[in-house]
Amino acid sequence: MDDSTLQVYVILFVMITVVLVYSARYFLARRARRLSQGRAPGFRRLSGWLGEAIEAGRPLHLSFGSAGIDRENAAVAAAEAELFYHIIKAAGSGDVAPVISTSSSATVPLCQDTIRRAWDGEDRRARAQWFPGGARSMAFAAGLTATMGVEEPSAHILAGSFGPELALILDSADRQGQGSFAVSDQLEGQAIAFAMADEVLIGEQLFSAAAWLSHESTARADASVQDIWRGLLIALMAVLVLINVAGQLGIASWSLVVVAALALAFIGVVIVRRR
Amino acid sequence: MSRSQRLGIAFSAFIAFAVGVITTLSLLLGGRPELYADFAGAPVFARLMSLPAAIMVRLVAITAAVTIVIGISNLLYVHMGRVVRGAFFSIVMIASFALTIWWYWSKQGDTSLLAAVQVPIESALAALLFLSMVQGGARVLAKRADIWGALFVTVLVVVLLGSLPIESLAPVRAWSDWLMEIPVSAGARAILLGIALGTVVTGVRVLLGQDRSYRG
């Protein structure tokens, strides 16, 4: 496929996504429903942490990691700002403002903006905190673990872009008996989050996490567009695999391929129903 | 919300939408004369189409450079507040900051202080990271006492054993290689594909001026 054809496909993909986003918002606005937090993956302990923060007068710590609005992972920063907004709103009746940290200086205004929108209390300016990242983000991890000792947060919501340095942060949180929720757009950070965090989200859940906490139908609509694309992608890959298998086994195997396709479709329906 | 505030929100959303759409179209359609093969002035038109994206990318680069000042101001503001409350490490941080500025200024751009302090400390932290990761791996089953936790630990052990340079572990190495090439690679691609889809949907939301930042 040459570059020009690829370019046309990219334009089509973006345009179809725009149409899907508007359509989903139009249809879902009529039957806005909040997803049950009990079923939300990764959020089982969140309400406990929020309650603990309010009762003990301790802050929540939320972190973007190195996700920056001036970098290629700007969408991660935008999605997590939305998630943090809903979490801070949920913790709104506490006495101590939450702390938001980042290692991207361009994200500092986004941190301040998120706190300003979601938190009504005083003491908001010093709650967005920047730690220089350094070449391997080790300085960021060191600064963050030092802050944990000073601020004594009840829990850490680490959602953004984290690499191996996440192990230091989660290890420190664990030793201090603080809860942790983690998800990263980097594979190394994601693996460490799975192994070491109390609660974890995986992959694209990073972008749909806000929909689980939001009362707004628009967040749910955006998450459903993501689901549609993912379903189409899985179906396309399954069809290509089946055609390939059929080609290798010969024309007599078409009935076998049809049975396999039906089995795959059944598994897909079961998974969707369970979600 | 007052009428002027609503107008302000609508205006900022419109600006975001206009700039977003123009830049996206410029990135997708600019600099490619072959897309307008039938048009006589294709090279000039393609160059003109790429202009808005080039301007915006430069503006972003300049703004990103300026934000380092915001970061440093934030760092100093936060630690000054802690110094008032008597936080020892914040005093050390501000003293180090002042010393580094003074060193750089008086030694005419010498960065040896950075090499002598920052690099060894980061290397030590990287070594400490190894211990944290091993400890975390050992605690997986305590955190996730389910089939996925057990699978995680099994794969971890097989890959670690497979990486040992011991001849008698050759069959384990074959398993380790297969794990890394097929299931791990497939899982990694699945995660990256999901992240790419999420990036597109979030990008479109921002592009359409629907992000919370534009909603006042």
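Q: How many residues of chain B are in contact with chain A?
A: This is a predicted model. In it, 52 residues of chain B are in contact with 59 residues of chain A.

Q: Which helices of chain B each supply at least two residues of the side that touches chain A?
A: They are α1 (3-29), α2 (42-84), α4, α5 (140-143) and α7 (170-207) of chain B. The most comes from α7(B), with 15 residues. By class, this side of chain B divides into 28 nonpolar, 16 polar and 8 charged residues.

Q: At what angle do the axes of helix α6 of chain A and helix α4 of chain B cross?
A: The axes of α6 (residues 166-175) of chain A and α4 (residues 112-138) of chain B cross at roughly 60 degrees and come within 8 Å. Because of that angle, α6(A) is oblique to α4(B). Their crossing is left-handed.

Q: Which residues make the contact of these two helices?
A: From α6(A) come A167(A), L168(A), L170(A) and D171(A). From α4(B) come L125(B), L128(B), L129(B), S132(B), M133(B), Q135(B) and G136(B). The residues of this contact divide into 7 nonpolar, 3 polar and 1 charged.

Q: What does the domain assignment give for chain B?
A: The assignment gives domain 1 (1-110) and domain 2 (144-216). Taken over C-alpha atoms, the centres of these two domains of chain B are separated by 31 Å.

Q: How many residues of domain 1 of chain B are in contact with domain 2 of chain B?
A: In chain B, 11 residues of domain 1 are in contact with 7 residues of domain 2. The side of domain 1 that touches domain 2 has 7 nonpolar, 4 polar and no charged residues.

Note on methods
Residues are numbered from 1 along each chain as its sequence is written. Chains are lettered from A and ligands numbered from 1 in the order in which they are written. This is a predicted model: local features need pLDDT of at least 70, side-chain atom pairs count only at pLDDT 80 or more; totals for chains, interfaces and linings use all residues. Axes are lines fitted to C-alpha atoms, for helices over the stretch in contact, and angles run from 0 to 180 degrees between N-to-C directions. Helices (H or I, at least four residues) and strands (E, at least two) are DSSP runs, numbered from the N terminus. Angles under 35 degrees count as roughly parallel, over 145 as roughly antiparallel, 65 to 115 as roughly perpendicular and the rest as oblique. A crossing is left-handed if the near helix is turned anticlockwise from the far one by less than a right angle, and right-handed if clockwise. Ala, Val, Leu, Ile, Met, Phe, Trp, Tyr, Cys and Pro count as nonpolar, Asp, Glu, Lys and Arg as charged, and the others, Gly among them, as polar. Domain bounds come from an automatic or database domain assignment.
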